[in-house]
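User: Could you take a close look at the aromatic rings of this model and explain, step by step, what surrounds them and what the chain as a whole is like?

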Amino acid sequence: MKLSLPADFGKKLKKTADFFVRHRLIIFVVMTAVAIGYTTTTSQKLLSPQRNETTYDSKQKELNNFQTIDYKFAEQLRNDLSDVEVQVNQQLPSNRTNPFTE
């Protein structure tokens, strides 16, 4: 099967190409304005989202289910941590005083 084009296809193509070449600045400005408008409207929707009340309520209930702090356990933990002795094994020579001057 052969594909046939109309006889004046070349003329129409040249005419269309000439139109786009003559009006390329206007076409560029219009396309840029459309892109900026689309980006602006999209970002406005993202900057002010609608709050889903059911999700908000369920998360709020989850947060309210936490128990209060057990102060006795916190005090015991504080005492246990304060009684621990930390020993550091120094691996540097003892005559080294300021490593920035070496």
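Analyst: A residue is called buried when its relative accessible area is under 20%, exposed when that area is over 50%, and partly exposed in between, with a 1.4 Å probe and protein chains only. The model is a predicted one, in which local features need pLDDT of at least 70 and side-chain atom pairs count only at pLDDT 80 or more, while totals for chains, interfaces and linings use all residues. Residues are numbered from 1 along each chain as its sequence is written, and side-chain values use heavy atoms, with hydrogens and water left out.

A search of the whole structure gives 1 aromatic pair, and this pair is made by Phe19 and Phe20, whose rings are edge-to-face, at 5.7 Å centre to centre and with 75° between the planes. Here, rings of Phe, Tyr and Trp (its six-membered ring) pair if their centres lie within 6.5 Å, and planes under 30 degrees apart count as stacked, over 60 as edge-to-face and the rest as tilted. Phe19 counts as partly exposed because its relative accessibility is 42%, and Phe20 also counts as partly exposed because its value is 45%.

Another ring, that of Tyr56, has Arg51 over its face, at 3.9 Å from the ring centre; a charge sits over a ring if NZ of Lys or CZ of Arg is within 6 Å of the ring centre and within 35 degrees of the ring normal.

As for the whole chain, there are 4 helices and 0 strands, which follow the order α-α-α-α from the N terminus on; helices (H or I, at least four residues) and strands (E, at least two) are DSSP runs, numbered from the N terminus. Arg24 belongs to helix H2, which covers residues 24-47, and Arg24 counts as exposed because its relative accessibility is 57%. Between the C-alpha atoms of Arg24 and Leu63, which are 39 residues apart along the chain, the separation is 58 Å. The C-alpha atoms of the protein chain fill a box of roughly 95 × 60 × 40 Å along the principal axes, and buried residues make up 0% of its 102 residues.
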